[in-house]
Amino acid sequence: MREPLKTYRALCTEFYERESHLNHQEALDFYLNYARHAKGLILEPMCGTGRFLIPIGQAGFAIEGFDASEQMLEVLKQKEPSAHVWQEFMQDFNRDDKRYSLIFVPYGSWGLMDNIEDSKKSLKIMYDHVAPGGKFVVEIETVASAPKTVNMWHRAVQTRNDGSYIALNTYPTYSPETQIFTAICRYESIVKNQIKTTETEDFKMYLYHYDEFERYLHDAGFSDIKKYQDYNKTVAFDNKAPLLIYECSKKRL
Ligand SMILES: C[S@@+](CC[C@H](N)C(=O)[O-])C[C@H]1O[C@@H](n2cnc3c(N)ncnc32)[C@H](O)[C@@H]1O
């Protein structure tokens, strides 16, 4: 039996939900466009609080998703009770009865599988669940995104409507040998100047070398692999891109 996820618990989820992602609308439009071309059911693994899954569902597309975090899914369900989502780890996903015309994993979440063997195994799982002729679209962060200011504490705050707030202190480090970015994250919920609850997590993310991921996609069986460095589909051309977006296909039978 797999241990529960040690990240994305209550305070982390609340902080995440209050944070705004700079180019979210652009990212959402990018995935909505794939949804328009999909010929059937869509899947968003690692769907979190539903920042993509909910608006894509509300736009009329048949979409479902899963996530390992109970708390992230709880928030998603509060926002959209009718959403079809369930709790599951990517590495365990296995539905013989389901094939999807589009599977997508936005925002570099894929790298949260910091064990490269889990990543390779999960790509094979994704391939098995894409319908023939369907697409898989996934974003990964590269070693070029490794933070420049490491080994010092950073602080960020999200304030609630009642004036209480969540403070997040992070201490990032990066190892070029293992390609793993680590951050100790300490969340504090502060009400009337008193720390009420805390949560500490070891956040880990595997950062890929520029030409690493396409090998794994190819080994998993995907073909017609395209590699973009932004949501305008600028073809990736150098190893300075911090984020890479891969679009690939499963051949028709
Ligand atoms: C950065 S969040 C992104 C969520 C979503 N794309 C969004 O924008 O709301 C990453 C999500 O991946 C989930 N996650 C991390 N590791 C996972 C795994 N091995 N299997 C399934 N979900 C996982 C976390 O619980 C979290 O909700």
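Predicted model: local features only at pLDDT ≥ 70, side-chain atom pairs only at ≥ 80, totals over all residues.
Student: Let's start with α5. How far apart are its end C-alpha atoms, and what span should we expect?
Tutor: Helix α5 covers residues 116–129, which is 14 residues. At 1.5 Å a residue it should span 20 Å, and the end C-alpha atoms are 20 Å apart, so the two agree.

Student: OK, and which residues of α5 are buried?
Tutor: Those are S119, S122, L123, M126 and H129. Looking down the axis of α5, the buried residues fall within an arc of 125°, so they line one face of the helix.

Student: Got it. What covers the buried residues of α5?
Tutor: The cover includes the strands β1 (42–45), β4 (100–105), β5 (130–141) and β9 (194–206). Helix α6 (213–220) is also part of it.

Student: Then tell me about α6. Which of its residues are buried?
Tutor: F213, L217 and A220 are the buried ones. Seen down the axis of α6, they fall within an arc of 65°, so they line one face of that helix.

Student: And on the other side of α6, which residues are exposed?
Tutor: R215 and D219 are exposed there.

Student: What do the buried residues of α6 pack against?
Tutor: They pack against helix α5 and the strands β5, β10 (223–228) and β11 (243–249).

Student: What follows α6?
Tutor: G221 does, and its phi is positive, near 120°.

Student: Switching to strands. How many bridges join β7 to β8?
Tutor: There are 11 bridges between β7 (residues 165–175) and β8 (residues 180–191), and the two strands run antiparallel.

Student: What's in the hairpin of β7 and β8?
Tutor: Four residues lie between those strands, and Q179 takes a positive phi near 60° in that hairpin.

Student: How does β8 pair with β9, parallel or antiparallel?
Tutor: Antiparallel, over 12 bridges. In β9, T198 is the bridge partner of E188, and E201 is the bridge partner of C185.

Student: How many residues sit between the strands in that hairpin?
Tutor: The hairpin of β8 and β9 has two residues between the strands, and K192 there has a positive phi near 45°. N193 lies in the loop between β8 and β9 too. Its phi is also positive, about 65°, although N193 is not a glycine.

Student: Is N193 buried or exposed?
Tutor: N193 has 6 C-beta neighbours inside 10 Å, so it counts as exposed. The cut-off for exposed is 12 or fewer.

Student: Last topic, the ligand. How many residues surround it?
Tutor: There are 20 of them, and the closest are M46, G48, A68, S69 and M90. The shell divides into 13 nonpolar, five polar and two charged residues.

Student: Where is M46?
Tutor: M46 is in the loop between β1 and α3 (53–58). Like N193, M46 is a residue other than glycine with a positive phi; for M46 the value is near 60°.

Student: And is M46 buried or exposed?
Tutor: M46 is buried, because 24 other C-beta atoms lie within 10 Å of its own, and 20 or more is enough to count as buried.

Technical notes: Residues numbered from 1 in each chain as written. Expected span 1.5 Å × (residues − 1). Arc of directions from axis to C-beta. Contact = placed C-beta atoms within 7 Å. Pairing = 2+ DSSP bridges. Near = placed C-beta within 6 Å. Nonpolar A, V, L, I, M, F, W, Y, C, P; charged D, E, K, R; others polar.
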